[in-house]
Amino acid sequence: MISKPKCLTPLSSPSSSSSSSSLAIAAVAPLLRPRFYAETCPEAEYLVRDVIKKNMEREPRSAASVMRLQFHDCFVNGCDGSLLLDDTPNMLGEKLSLSNINSLRSYEVIDEAKETLERVCPGVVSCADILIMAARDAVVLSGGPNWEVKLGRQDSLTASQKDSDDIMPSPRANASYLIELFSKFNLSTKDLVALSGSHSIGKGRCFSIVFRLYNQSGTGRPDPAIEPIFREKLDKLCPQGGDGNVTGDLDATPERFDNQYFKDLMNGRGFLNSDQTLFTYPETREYVRLFSRNLNEFLKAFVEGMIKLGDLQSGRPGEIRQNCRVVNSRPADVLLET
Ligand code: HEM
Ligand SMILES: *[C@@H]1O[C@H](CO)[C@@H](O)[C@H](O)[C@H]1NC(C)=O
Ligand SMILES: *[C@@H]1O[C@H](CO)[C@@H](O)[C@H](O)[C@H]1NC(C)=O
Ligand SMILES: *[C@@H]1O[C@H](CO)[C@@H](O)[C@H](O)[C@H]1NC(C)=O
Ligand SMILES: *[C@@H]1O[C@H](CO)[C@@H](O)[C@H](O)[C@H]1NC(C)=O
């Protein structure tokens, strides 16, 4: 467990959080529900979708990049926008953690959605909720399913690089490790496979796959699960000692949210080891088969998984940030500095 930064302690004590303050901090995880902003910011969901749409017109990949943020936010101390906080001299945030550095992107899309909402209904919509809406919208606008999101989250007052390092799975992970990890979040094996189907859109770096191309599990050999023609293609894209930042498609239709990802896995054409392992392992293989055959089964399971993922909460105190990258400044901060 991480120890709480000292500057936050007085804020969570009853003496300093006056009930009349607009900076009031929730003591327990708020109840999430659909249409949470129906009265306070009725345009919120429409406005977020519009920002996602415009960004996709500028750069199609931003849909995938924005969607991924939900996973990386929600697994680390709940869906609380902690992922979005920039580092400060006193706090190493999550942006530079092992899984996120040089990899997560499109933070500026979330900033744009926040700026839009702050103009229309200032101080109302949390960054954590914007992430959840944005992820859903990215899926819809990529041709995937639509669903109603539960809202009412608060933004964290801190973030932890270490927690992200400890929790987020490596692209090298195998299915048994992933089953175990997801079960810690009450996500089933079916949820794991369905949520991995988010790799139906987007790209990954050579850095994430060179080990499986040239030295899988320290064998000095490639991963035998890779189909040979596909491996030749990946070897060309990612030569040994080449630029780790070069990217390849996560499935054969990287801008379309569909079940091509699962068909690719069945043909040994998964990009990441963590993808291909879902077909290699018997515990997950049947779900890959099912989702490759039946698009609707995939879409239904995916939506269920996204809702469960969005339900993860830390129960820690929160706020509605004005800027997703920094916690709001508080009178108490000033007191502590003097
Ligand atoms: C099951 C465990 C998972 C692992 C090990 C994993 C790992 C990765 C890795 C290594 C990349 C490429 C990053 C890079 O090379 O820079 C990636 C991309 C991506 N991941 Fe996952 N992921 C997992 C689950 C998920 C989940 C649950 C979601 C969303 C619900 C998700 C959404 C995405 C998306 C959309 C991309 C493409 C992003 C882009 O193009 O910018 N992933 N993932
Ligand atoms: C799966 O990965 C875990 C953690 O890295 C490792 O301990 C385990 O031996 C692996 N399982 C197999 C069958 O390779
Ligand atoms: C998983 O479910 C159990 C039982 O309902 C609950 O006590 C626990 O907090 C849940 N864990 C997470 C990470 O949500
Ligand atoms: C492959 O990985 C193993 C274990 O990590 C390492 O000892 C070995 O030097 C690597 N081989 C090559 C050719 O990079
Ligand atoms: C990718 O680019 C970043 C930023 O330019 C650089 O710091 C990093 O070392 C590169 N990563 C790899 C794996 O080559």
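Trainee: Where does Thr253 lie?

Mentor: In this predicted model, Thr253 lies in the loop between E3 and H11.

Trainee: Why is Thr253 called partly exposed?

Mentor: Thr253 has 18 other C-beta atoms within 10 Å. A residue is buried at 20 or more and exposed at 12 or fewer, so a count of 18 makes Thr253 partly exposed.

Trainee: Which residues is Thr253 in contact with, leaving aside its neighbours within four places in sequence?

Mentor: Thr253 is in contact with Asp258 and Gln260, once those neighbours are left aside. UniProt, in an unreviewed entry, lists Asp251, Thr253 and Asp258 for "binding site".

Trainee: What makes Asp251 count as buried?

Mentor: Asp251 has 23 C-beta neighbours inside 10 Å. The cut-off for buried is 20 or more, so Asp251 counts as buried. Asp251 lies in the loop between strand E3 (247-249) and H11. Leaving aside its neighbours within four places in sequence, Asp251 is in contact with His199, Ser200, Gln260, Tyr261 and Asp264.

Trainee: Where does UniProt place the feature "active site"?

Mentor: An unreviewed UniProt entry places that feature at His72. In the model, His72 is in helix H3.

Trainee: How do you know whether His72 is buried or exposed?

Mentor: By its count of 21 C-beta neighbours inside 10 Å. Since 20 or more is the condition for buried, His72 counts as buried. Beyond its neighbours within four places in sequence, His72 is in contact with Leu83, Ser99, Asn100, Leu104 and Met168.

Trainee: Turning to helix pairs, why is H7 called roughly perpendicular to H8?

Mentor: The axes of helix H7 (residues 175-183) and helix H8 (residues 189-196) cross at roughly 105° and come within 9 Å. Angles of 65 to 115 degrees count as roughly perpendicular, so H7 is roughly perpendicular to H8.

Trainee: Which residues of H7 and H8 meet?

Mentor: Leu178, Ile179 and Phe182 in H7 meet Thr189, Asp191 and Leu192 in H8. By class, this contact has four nonpolar, one polar and one charged residues.

Trainee: What makes helix H12 largely enclosed by the rest of the structure?

Mentor: Seven of the eight residues of helix H12 (residues 273-280) are buried, so H12 is described that way. The buried residues are Asn273, Ser274, Asp275, Gln276, Thr277, Leu278 and Phe279. Their cover includes H7, H8, helix H9 (210-214), helix H11 (260-266) and helix H13 (282-293).

Trainee: Why does Arg35 count as partly exposed?

Mentor: Arg35 has 14 C-beta neighbours inside 10 Å. That value falls between the limits of 12 or fewer for exposed and 20 or more for buried, so Arg35 counts as partly exposed. Arg35 lies in the loop between helix H1 (9-12) and helix H2 (44-58).

Trainee: What makes Asn77 count as buried?

Mentor: Asn77 has 23 C-beta neighbours inside 10 Å, and 20 or more is required, so Asn77 counts as buried. Asn77 lies in the loop between helix H3 (62-74) and helix H4 (107-120).

Trainee: Which residues are around ligand 5?

Mentor: They are Asn102, Phe207, Asp243, Gly244 and Asn245. This shell divides into one nonpolar, three polar and one charged.

How values were computed:
Residues numbered from 1 in each chain as written. Chains lettered and ligands numbered in written order. Predicted model: local features only at pLDDT ≥ 70, side-chain atom pairs only at ≥ 80, totals over all residues. Axes fitted to C-alpha atoms, helices over the stretch in contact; angles between N-to-C directions. Helix = DSSP H or I, 4+ residues; strand = E, 2+ residues; numbered from the N terminus. Parallel < 35°, antiparallel > 145°, perpendicular 65-115°, else oblique. Contact = placed C-beta atoms within 7 Å. Nonpolar A, V, L, I, M, F, W, Y, C, P; charged D, E, K, R; others polar. Near = placed C-beta within 6 Å. UniProt positions renumbered as here; feature names shortened; annotations may be inferred.
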